[in-house]
Amino acid sequence: MLVVVAIGAGVATFTAWTLSGAPFLTALTFAISAIVIACPDALGLATPTAVAVGTGLGAKHNILIKDAATLERVGRVGIVVFDKTGTLTEGRPSVTEIEPAPGVIADDLLRLAAAAASQSTHPVSLAIVRAGKDKTLAGGITVTGVHDVPGMGITALADGVAVVLGNAALLEREHIDLGALHARGDALATQGRSVTYVAAGGRALGVLGITDAIRPTSGPAVRDLASLGITSVLLSGDAKTTAERVANAVGIARVFAEVRPEEKAQYIQRLQAEGQVTAMVGDGVNDAPALAQADVGIAIGAGTDVAMQAAEVVLMKSDPADVAHAIRLSRATVRKMKQNLAWAAVYNVLAIPIAAGAFSHSLGWVLPPQVSALLMSGSSIFVAVNAVSLRRARI
């Protein structure tokens, strides 16, 4: 289209001068000047140069943005939805409380839980396995038939006995009565613990309190987003009390808790229906549908391959503070794009009539083809230099 405009300017100039009775050489000279100065180098460079510098600057700060469209869209984000585990928290939980039921030995409870969890890669399962190893509890339990129940826990056979390891909803689904353990689990949740119940043979044997430390940068990251006019939301599968405790600690007012993995994308849709561009920040397999549903999917670099493939932005430092940095980078890049396009447009609007000889009689302004070529090159250089100046932007 831009080439057509340039050639069209030349043809129109040649035709106008020819019809006015000017000599052929004069008409041809003005036509060449018009084509040369209208050459769309500046307009063609306005966006790609800014994008190239912007993506390079992002990579320098360990923020990988997959394409130009995403780089532009990130700056329009109005709501950022954070997953909890591994995003706002360190993603390396640890068992801090072991509460056995009456008649159950704590080490036996942990040994059984660690054996059942040994074939799962969920962060909570890994924490339980580490706790068992830290206590040097001997194995000796044969585990088979492990079945992962997304967002709830796992079921398995330990020495032929049905074992259930997960939240209260999973035990309820398996028709296991928690009894007094329910109150103990609620007390742990009030303290901000993630609660995992252990049952075997249809009987609840105990409850484990699991703590995942909040990242030191999570609170500042939420405040930084607020300063940009962006609302933060916490979306978690944990109990409401646990999720709200983390949200209060980092300064998030809006919390969706006890959300199953398959429901996360639906919550993203609800937020999108509010009319704002919505970003989802997560790290796990369970977050992949929500990352894909969001207008901008942002994956934590330490997360799973599935999450990183579903996302358009990857934070290689696994730091939630980089979300605000990515938004600032996008906004700065878009500003450079607009500056470059405005310059190129104004340049063409002013330069083409002069090159075409519109003011040659009234003001005596004439641009020979060689001068037009220099001005065209100068415009392209200006656009490139302006784009490169983006490297000095504070993100």
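## Helix H12

In helix H12 (residues 264-272), the buried residues are Lys264, Ala265, Tyr267, Ile268, Leu271 and Gln272; buried means under 20% relative accessible area with a 1.4 Å probe, protein chains only. Because they cover an arc of only 160° around the axis, they sit on the same side of H12; the arc is that of the directions from the helix axis to the C-beta atoms.

The buried residues of H12 pack against strands S2 (77-83), S9 (231-235), S10 (254-256) and S11 (277-282), and against helix H13 (288-293). Contact means heavy atoms within 4.5 Å.

## Basis of the model

This is a predicted model, in which local features need pLDDT of at least 70 and side-chain atom pairs count only at pLDDT 80 or more, while totals for chains, interfaces and linings use all residues. Residues are numbered from 1 along each chain as its sequence is written, and side-chain values use heavy atoms, with hydrogens and water left out.

## Overall fold

The protein chain has 16 helices and 13 strands, taken as DSSP runs (helices H or I, at least four residues; strands E, at least two) numbered from the N terminus. Its radius of gyration is 31 Å, well over the 21 Å that the globule rule gives for 395 residues, so the protein chain is more spread out than a compact globule. That radius is taken over C-alpha atoms, and the rule is 2.2 Å times the number of residues to the power 0.38. The C-alpha trace spans about 110 × 35 × 35 Å along its principal axes.

## Burial and contacts

Of the 395 residues in the protein chain, 49% are buried. Among contacts between residues at least 6 apart in sequence, 65% join residues at least 24 apart.

Definitions and conventions: Buried means under 20% relative accessible area, exposed over 50%, partly exposed in between (1.4 Å probe, protein chains only).
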